[in-house]
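Subject: Structure handover and findings

Hello,

Here is the structure for you to look over. My notes follow below it.

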Amino acid sequence: MCCRSREIENRGRLCAVLPKVKGKPHEEITMNGIEADGLVVRVGGRRGRNAVNGLDLRLGRGVHGLLGPNGAGKTTLIRTLATVQAPTAGSLSLLGTPVSGRLRPVRRRLGYLPQHFGFYKRFKVREFVEYLAWLKEMPPASIPGAVHRALERVGLTDRADDKLKTLSGGMVRRVGIAQAIVNEPEVLLLDEPTVGLDPAQRLRFRELVVELGQQACVLISTHLVEDVAAACTDVVLVSEGSAVFQGTPADLATAGTDAHVGDSPIERGYSALISARTGGGAW
Ligand SMILES: Nc1ncnc2c1ncn2[C@@H]1O[C@H](COP(=O)(O)OP(=O)(O)OP(=O)(O)O)[C@@H](O)[C@H]1O
């Protein structure tokens, strides 16, 4: 089954599991989160390369895992979806709005945690998340309450008045998640969000994204296949800049056999699809 037909099937499945909104049929509460057709993103200037190379993608509400080997183009794709990097060719729409021209209205509805999350270490946790909320052009009166809710969701209310430089790496990552969700985004893009989180925090993170995915289109780039298995409604596998698979974690697991590398069925499925595409080999 091709990626597009799989997505249509998944949309149907997501609609089926969504709680009914009073007075609205399921049809009306589906959403066009991310739509890319033949997306190309060139990086590194004239001597560079197409890090994203003719990628087709349709993602609606739910939690979507983005998997792929090192250099597959995941970060470049997420940066492009976050409107930080411009597409070179193809088409891209976010929340039904083409990504060209005026980006501010759609940016207000996005949340983004970059792979390398920059922060001002002298800021207090609350101040920093407030600052990001202000950059997202949230109505000023709504900011204190929104910041409080975001910090509560990542378990950092007790550190709200501490300076960022006093936090551990995992706590800083949680501040990164808080700034990404402070505006209750409709499209949430998380690039390796669980790096540095301890096992208890990773479990809490999974619960949080499952909760967020009830309302939003959440895309998580990760190398941690078990996070995908536990939290994601579907998985997109990227190799050499293109989407080579989209399906449920269970579908991914069935692609592998005992002969493939991995500690779990889903890891073996991942290895099977990637080695079929790249020929496998060391590194
Ligand atoms: N600014 C840049 N200049 C030149 N090449 C780049 C640049 N950014 C990315 N690339 C190249 O584009 C390809 C895709 O990189 P990208 O960081 O998107 O992959 P990734 O899937 O996120 O990798 P990883 O899992 O290792 O983080 C790689 O070959 C990388 O070397």
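Two residues are in contact here if their C-beta atoms, placed from the backbone, lie within 7 Å. On that basis, residues 24 or more positions apart account for 65% of the contacts in the chain with a separation of 6 or more.

Please note that this is a predicted model: local features need pLDDT of at least 70, side-chain atom pairs count only at pLDDT 80 or more, and totals for chains, interfaces and linings use all residues. Residues are numbered from 1 along each chain as its sequence is written.

**Overview**

The chain holds 11 helices and 10 strands. These are DSSP runs, numbered from the N terminus: helices are H or I with at least four residues, strands are E with at least two. Of the 283 residues, 44% count as buried. Buried means that 20 or more other C-beta atoms lie within 10 Å of the residue's own; exposed means 12 or fewer, and partly exposed is in between, with C-beta atoms placed from the backbone.

**Domains**

There are two domains: domain 1 (34–246) and domain 2 (248–282). The bounds come from an automatic or database domain assignment. Taken over C-alpha atoms, the domain centres are 26 Å apart. Across the boundary, 13 residues of domain 1 are in contact with 11 residues of domain 2. On the domain 1 side, helix 9 (225–231), strand 9 (234–239) and strand 10 (242–247) each give two or more residues. That side divides into 10 nonpolar residues, one polar and two charged. For these classes, Ala, Val, Leu, Ile, Met, Phe, Trp, Tyr, Cys and Pro count as nonpolar, Asp, Glu, Lys and Arg as charged, and the others, Gly among them, as polar.

**The core**

The largest nonpolar core has 72 residues. Such a core is a set of buried Ala, Val, Leu, Ile, Met, Phe, Trp, Tyr and Cys residues joined through C-beta atoms within 7 Å. Val129, Ala178, Leu189 and Leu219 have the most contacts inside it. Helix 7 (residues 169–181) is the element that gives the most to this core, with six residues. Both domains take part: the core draws at least three residues from each of domain 1 and domain 2. Leu219 is worth a look. Leaving out residues up to four places away in sequence, Leu219 touches Ile34, Leu59, His64, Leu66, Ile78, Leu81 and Leu189.

An open sheet of six strands runs in the order 6-7-8-3-9-10, with mixed pairing. Two strands pair if DSSP finds at least two bridges between them. Strand 6 (110–113) and strand 10 are the edges, each pairing on one side only. On average, neighbouring strands of this sheet are turned by 15° against each other, direction ignored. Helix 7 packs on the sheet and touches strand 6 and strand 7; its direction makes about 165° with that of strand 6. Axes are lines fitted to C-alpha atoms, for helices over the stretch in contact, and angles run from 0 to 180 degrees between N-to-C directions.

Within the sheet, strand 3 (residues 62–67) and strand 8 (residues 217–221) pair in the parallel sense over five bridges. Val63 has Val218 in strand 8 as its bridge partner. Helix 8 (residues 199–212) lies across strand 3, strand 7 and strand 8, at about 145° to strand 8.

**Strands 1, 4 and 5**

Strand 1 (residues 34–43) pairs with strand 4 in the antiparallel sense, over five bridges. Here Val40 stands opposite Ala89 in strand 4. Strand 4 is also joined to strand 5 (residues 97–98) by two bridges, again antiparallel. Ser93 has Pro98 in strand 5 as its bridge partner. Strand 4 and strand 5 form a hairpin with two residues between them, and Leu95 in the turn has a positive phi of about 50°.

Helix 3 is largely enclosed by the rest of the structure, because seven of its eight residues are buried. They are Lys74, Thr76, Leu77, Ile78, Arg79, Thr80 and Leu81. Just after helix 3, Thr83 takes a positive phi of about 65°. Thr83 lies in the loop between helix 3 (74–81) and strand 4 (89–94). Thr83 is partly exposed, with 18 other C-beta atoms within 10 Å.

Glu184 also has a positive phi, about 45°, although it is not a glycine. Glu184 sits in the loop between helix 7 and strand 7 (187–191). With 16 C-beta neighbours inside 10 Å, Glu184 counts as partly exposed.

Best wishes
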